[in-house]
Amino acid sequence: MEHLLHLDRTLDELDPPRWAPPASDATHLVRKVHELRGVPLGELGPADLRTLVSQQVALPYVLPLAVRLLLEEPLLDAYFYEGDLLLATVNAPAAAWSLLSDLGARLSTVIKELPEAAVAGLPRGAAEDLARFVARSPSPD
């Protein structure tokens, strides 16, 4: 995955401008996202990636990391439930995927191969989210 460069660098370094510290009354989520921007990319775990993708932070850098995990384990339980990282990832804006069409195509192939029973076990609306992602993804070369 040629997108996985600079794993020793942080989002603050790669995705300028560097964010100012969160306000003293910021929510836990806001503080967490600010904290994650200071973590080297190679040290971000599945739950961290789910948080960043869900909050649409630096998607050109975090989507490839999420896809790397999902190609190996599509229904990975990152934090909340089985498939939570996958659903956060497929719900990223189409504009973000336009820059990563090769990864989108690879993820689409994995989604198509998921057993129907596994998809049925995901939260309500997940099957539709997955189908929408597959429909808009280019075919792999």
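Predicted model: local features only at pLDDT ≥ 70, side-chain atom pairs only at ≥ 80, totals over all residues.

Residues are numbered from 1 along each chain as its sequence is written, and side-chain values use heavy atoms, with hydrogens and water left out.

Aromatic rings, then. Rings of Phe, Tyr and Trp (for Trp, its six-membered ring) pair if their centres lie within 6.5 Å; planes under 30 degrees apart are stacked, over 60 edge-to-face, and the rest tilted. Searching the whole structure gives 2 aromatic pairs. One of them joins Tyr79 and Phe80, edge-to-face, with 4.7 Å centre to centre and 85° between the planes. Tyr79 and Phe80 are both exposed; buried means under 20% relative accessible area, exposed over 50%, and partly exposed in between, with a 1.4 Å probe and protein chains only.

Trp97 and Phe133 also pair: their ring centres are 5.0 Å apart and the planes stand at 70°, so this is edge-to-face. Trp97 sits in helix H6 (residues 94-98) and Phe133 in helix H9 (residues 126-136), so the pair ties together parts 36 residues apart in sequence. Helices here are DSSP runs (H or I, at least four residues), numbered from the N terminus. Trp97 is buried at 6% relative accessibility, and Phe133 is buried at 1%.

Next, helix packing. Helix H3 (residues 46-54) packs on helix H4 (residues 59-72) at about 135°, the axes being 10 Å apart. Axes are lines fitted to C-alpha atoms over the stretch in contact, and angles run from 0 to 180 degrees between N-to-C directions. H3 and H4 are therefore oblique, a class left over once angles under 35 degrees (roughly parallel), over 145 (roughly antiparallel) and 65 to 115 (roughly perpendicular) are taken out. On the H3 side, the contact (heavy atoms within 4.5 Å) is made by Pro46, Leu49, Leu52 and Val53; on the H4 side, by Leu59, Val62, Leu63, Leu65, Ala66 and Leu69.

Last, two single residues. Where does Thr10 lie? Thr10 is in the segment before helix H1 (11-14), and with a relative accessible area of 10% Thr10 is buried. Beyond neighbours within four places in sequence, Thr10 contacts Arg37, Gly38, Val39 and Pro40. Asp102, in helix H7 (residues 101-112), is partly exposed at 32% relative accessibility.

Terms used. Helix = DSSP H or I, 4+ residues; strand = E, 2+ residues; numbered from the N terminus.
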